[in-house]
Amino acid sequence: MNRTPNALQIFFHRVAALKPVSRLLSRILQPADDFILFLTRGKHTFAELLLPTIVVETVGARTGERRTHPLGGFVDGDKYILVGTNFGSQHHPAWVHNLRAHPQCVVHAHGSTGNYIAREAEGEQREKYRQLAISYYHAYEIYEQRAAPRKIPVWILEPISASS
């Protein structure tokens with residue numbers, strides 16, 4: 001569900017966009033989310049303060065091991081949209097490499113779990129979803145500037161039907 005951010009979230013968005021805060025978040029957010037997920041038995045994350053969050057399970061690109069990633073996820077019908085900003089870092093987040101190597105993933109969101117196939121959006125579709133993400137979290141534009149010349153990937157997770 002894509003809701004308009006509330007005043008507190010907008011405040012956190014502005015703070016999170018600051019370069020030193022982004023740098024700190026890039027190092028502590030995953031461990032903090034893992035801890036909160038553990039405490040709440042998989043129901044909540046720290047990242048929920050900033051973005052609508054889903055939990056994506058991927059297979060490690062190099063290790064082949066299961067990896068859990070709480071990520072900002074936007075909804076378009078039955079699809080989820082992910083943006084690989086890595087807080088404007090010069091390199092892609094690990095989950096991007098994982099999905100490129102193994103596009104099948106599991107999504108936990110809104111009390112349900114499903115199997116999805118990931119693909120990178122291109123062209124007009126990429127721009128459409130990029131704008132959707134920016135409409136919620138304006139810092140994505142700042143992250144794009146910081147990450148340049150890296151092109152920030154936009155991902156579409158589509159459900160795998162039971163008959164597939």
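How many strands form the open sheet, in what order do they come, and is the pairing parallel or antiparallel?

Analyst: This is a predicted model with residues numbered from 1 along each chain as its sequence is written, and side-chain values use heavy atoms, without hydrogens or water. Local features need pLDDT of at least 70 and side-chain atom pairs pLDDT 80 or more, while totals for chains, interfaces and linings use all residues.

The open sheet has 7 strands, in the order β2-β1-β5-β6-β7-β4-β3. Its pairing is antiparallel (two strands pair at two or more DSSP bridges). Strands are DSSP E runs of at least two residues, helices H or I runs of at least four, numbered from the N terminus. The edges belong to β2 and β3 (74-76). Each edge strand has a single partner, so one side of each lacks a neighbour in the sheet. From one strand to the next, the twist averages 35°.

Now the β1 and β5 pair. These strands join in the antiparallel sense over 3 bridges. Val 55 has His 108 of β5 as its bridge partner. Helix α2 packs on the sheet and touches β1 and β2 (contact: heavy atoms within 4.5 Å). The direction of α2 makes about 100° with that of β2 (N-to-C directions of lines fitted to C-alpha atoms, 0 to 180 degrees).

A pocket is an open set of points on a 1 Å grid where a 1.4 Å probe fits, with protein on both sides within 12 Å along at least five of seven lines; lining residues have an atom within 4 Å of a point.

The largest pocket has a volume of about 720 Å³ (space filled by probe spheres on the points). Its lining counts 29 residues; Gln 30, Asn 86, Phe 87, Pro 93 and Trp 95 are the closest to its centre. The top contributor is α2, with 7 residues.

The second largest pocket holds about 470 Å³ of space. It is lined by 22 residues. Nearest its centre lie Arg 3, Glu 48, Pro 52, Thr 53 and His 110. Here the paired strands return: β1 (53-59) and β5 (104-109) each supply at least two residues of the lining. β1 gives the most, with 3 residues.
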